[in-house]
Amino acid sequence: MSSAGLQLRDVTVEFDGKRAVDAVTLEIPAGEVFALIGPSGSGKSSLLRAIAGLEPCTGDIRWDDESVLKIPVHRRGFVLMFQDGQLFPHLDVAGNVGYSLKVSGHRDPARVEQLLALVGLAGFGARRVTELSGGEQQRVALARSLAATPRLLLLDEPLSSIDRELRERLAGDLHDILHDAGVTTIVVTHDHEEAAVIADRIGILEAGRLVQVGSLTELRAHPVDDRVARFLS
Ligand code: ADP
Ligand code: MG
């Protein structure tokens, strides 16, 4: 059976003989926004890094039914965005967003402005990134990630450095931005309410194992075990 999008088959990541990610099998159809949740140390970051190609793994990672394991990291078309966004402080907002466009030889001011509008920062191009709030900086980082037109966007706790009230609003914005952009996404968070706002489906990792996948309502109604029930309460 062939399918468009991401397929993980028995993906396993080991550190010193210990499994940080334990035989994860999962399909994410093209265009879906999928949230990965689980307690600290459950393997969320390790799984994202393996998919991005930054961590060796066994099993298979496929896109459109073709293994990407032998494809170099920068050719996979996958972009991993870290918690703090890591903007370039010496560049203005437009310079940060346009960075990957410039690298790929397609720097285009209209495209930069379009991306800024998508993340709710129209007209911010000439601002210094050091003068932006934490939430605004995260939006710039997101626009920069989207500028690379990734076929898969990997977001590792994108809102965790932002204070609670703003985070709730940004979660809703993130849902809209990702769905408007139509980009296949895996977003890691340790907050299940946030996951439910951003994503279509949620997967729960426990000690490296993907124990359950569904909507928050489904997971709450039929948790596979007590730990999932407690985690979601
Ligand atoms: P999460 O992102 O869910 O908090 P991680 O993927 O960071 O979890 O970590 C999963 C497990 O793998 C933890 O036990 C962690 O200590 C271990 N681990 C992560 N990265 C490394 C590393 N580079 N070397 C050794 N152990 C690691
Ligand atoms: Mg992590």
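In which hand does α5 pass α6? In this predicted model, the crossing of α5 with α6 is right-handed. The axes of α5 and helix α6, the latter formed by residues 164-181, come within 12 Å and cross at roughly 15 degrees. Angles under 35 degrees count as roughly parallel, and α5 is therefore roughly parallel to α6. On the α5 side, the contact is made by Gly-135, Arg-139, Leu-142 and Leu-146. The α6 side contributes Leu-166, Arg-169, Leu-170, Asp-173, Leu-174, Ile-177 and Ala-181. Sorted by class, the residues of this contact comprise 7 nonpolar, 1 polar and 3 charged.

Helix α5 (residues 134-147) also packs against helix α4 (residues 109-118). Here the angle is about 130 degrees, and the axes lie 9 Å apart. The two helices, α4 and α5, are therefore oblique to each other. The crossing of α4 and α5 is right-handed. Arg-111, Leu-115 and Leu-118 of α4 meet Ala-143, Leu-146 and Ala-147 of α5. The residues of this contact divide into 5 nonpolar and 1 charged, with no polar residue.

The surroundings of ligand 1 were examined separately. Phe-15, Ala-20 and Pro-39 are among the residues that surround ligand 1. For Gly-41, a polar backbone atom is 2.7 Å from an oxygen atom of ligand 1. For Ser-42, a backbone N or O atom lies 3.2 Å from an oxygen atom of ligand 1. Ser-46 contributes through its side chain, a polar atom of which lies 2.6 Å from an oxygen atom of ligand 1.

Note on methods. Residues numbered from 1 in each chain as written. Chains lettered and ligands numbered in written order. Predicted model: local features only at pLDDT ≥ 70, side-chain atom pairs only at ≥ 80, totals over all residues. Heavy atoms only, no water. Axes fitted to C-alpha atoms, helices over the stretch in contact; angles between N-to-C directions. Helix = DSSP H or I, 4+ residues; strand = E, 2+ residues; numbered from the N terminus. Parallel < 35°, antiparallel > 145°, perpendicular 65-115°, else oblique. Left-handed = near helix turned anticlockwise from the far one by under 90°. Contact = heavy atoms within 4.5 Å. Nonpolar A, V, L, I, M, F, W, Y, C, P; charged D, E, K, R; others polar. Near = heavy atom within 4 Å. Polar contact = N/O pair within 3.5 Å; in protein donor to acceptor, adjacent residues only side chain to side chain.
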